[in-house]
Amino acid sequence: LPPPEVTINYSHGLPVVTLLLPTRSERCRFTVKPMVTTVGAFLQDVQREDKGIERAEVFATDGSKVSDATLMEVLLMNDFKLVINNTAYNVSPPVKDKLSSEHATEMEDIKSLVHRLFVALHLEDHQVRKERELLQKLDHLKEELLPLEQMKARIRDSADAKTSRLLWVGLALMSTQGGALAWLTWWVYSWDIMEPVTYFITYGSAMAFYAYFVLTKQDYIYPDAKDRQFLHYFYRKSKSQHFNVERYNKLKEDLAEAEESLRRLRQPLHLRLPVQEIRDKD
């Protein structure tokens with residue numbers, strides 16, 4: 001049997017339409033880009049190849065004419081009729097699901113190559129634009145944080161001073177207690193009398209430390225106790241000074257996140273951008 005006048009095969013992932021030119025009586029191959037080429041552009045290519053073609057149209061199987069603006073990708077989804085001059089050819093495109101694994105692999109390779117080309121051409125512009133957005137965000141966050149940082153520094157100094165005074169008061173009270181016990185032991189009473197007193201003072205101290213654990217769920221360790229007292233003074237002073245601790249912490253988290261994003265973004269920028277542009281950014 002003679003080969004059909006119009007055949008469609010896939011080569012390197014692209015459909016190739018092979019048809020017999022009526023005037024030249026020879027077969028000609030037309031490679032189609034289905035997502036770009038329209039039916040009208042394909043028919044014009046056919047007419048340019050054979051000047052003897054006066055009429056070239058495409059019809060659906062139900063006899064309706066296919067618009068010239070229709071993409072070839074849509075046309076190749078179903079059977080259609082190609083009319084050249086007064087001759088009609090029935091065309092049956094291969095079903096995409098039945099394409100060979102080789103053709104499918106070639107199409108995936110082409111898509112991957114197009115994606116890499118797009119990234120190579122547009123990634124730097126996107127990174128530069130993103131870096132500028134991050135720099136603007138950093139400036140805005142630092143501007144909001146500046147008055148809060150100043151207020152926090154004043155509150156921190158005040159809380160630290162109160163905590164230090166409390167520690168010194170505790171030392172003074174312990175020294176006074178030790179001196180009083182020594183005076184009572186050697187000058188007023190004897191050790192036989194003061195021994196039960198010191199025992200109950202020691203037992204009372206142990207009860208106080210245990211009560212601290214019950215209330216705070218923490219051991220009474222001097223650095224931790226100092227930090228806890230500092231936070232107590234800090235939050236009490238913050239409330240009286242109308243310092244929003246939650247808003248300050250949120251701004252600090254946003255600032256750290258923006259700085260980390262900028263650091264990660266600038267690493268590929270220093271590898272790709274011109275030296276002069278990098279210096280301008282720094």
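Predicted model: local features only at pLDDT ≥ 70, side-chain atom pairs only at ≥ 80, totals over all residues.
Residues are numbered from 1 along each chain as its sequence is written, and side-chain values use heavy atoms, with hydrogens and water left out.

Now step out to the strands. β1 and β2 (residues 14-21) run antiparallel, joined by six bridges. Two strands count as paired if DSSP finds at least two bridges between them. Strands of a sheet pair through backbone hydrogen bonds, either parallel or antiparallel. Here the open sheet has three strands in the order β1-β2-β3, with antiparallel pairing. β1 (6-11) and β3 (26-31) are the edge strands, each pairing on one side only. From one strand to the next, the twist averages 25°.

A helix comes next. Helix α1 (residues 39-49) lies across β2 and β3 and runs at about 145° to β3. Such angles run from 0 to 180 degrees between N-to-C directions, with axes as lines fitted to C-alpha atoms, for helices over the stretch in contact (heavy atoms within 4.5 Å).

Look at the rings. The whole structure has five aromatic pairs. Rings of Phe, Tyr and Trp (its six-membered ring) pair if their centres lie within 6.5 Å; planes under 30 degrees apart count as stacked, over 60 as edge-to-face and the rest as tilted. F30 and F42 make an edge-to-face pair, 6.0 Å centre to centre with 85° between the planes. F30 sits in strand β3 and F42 in helix α1, 12 residues apart, and the pair links these distant parts of the chain. Why do F30 and F42 count as buried? F30 does so because its relative accessibility is 9%, and F42 because its value is 5%. Buried means under 20% relative accessible area, exposed over 50%, partly exposed in between (1.4 Å probe, protein chains only).

F234 and F243 are also an edge-to-face pair, 6.4 Å centre to centre with 85° between the planes. F234 and F243 are buried. With Y235 and Y248, they form one aromatic cluster.

Finally, the whole chain. Its secondary structure comes to seven helices and six strands. These are DSSP runs numbered from the N terminus: helices are H or I, at least four residues, and strands are E, at least two. From the N terminus, the order is β-β-β-α-β-α-β-β-α-α-α-α-α. Of the 282 residues, 25% count as buried.
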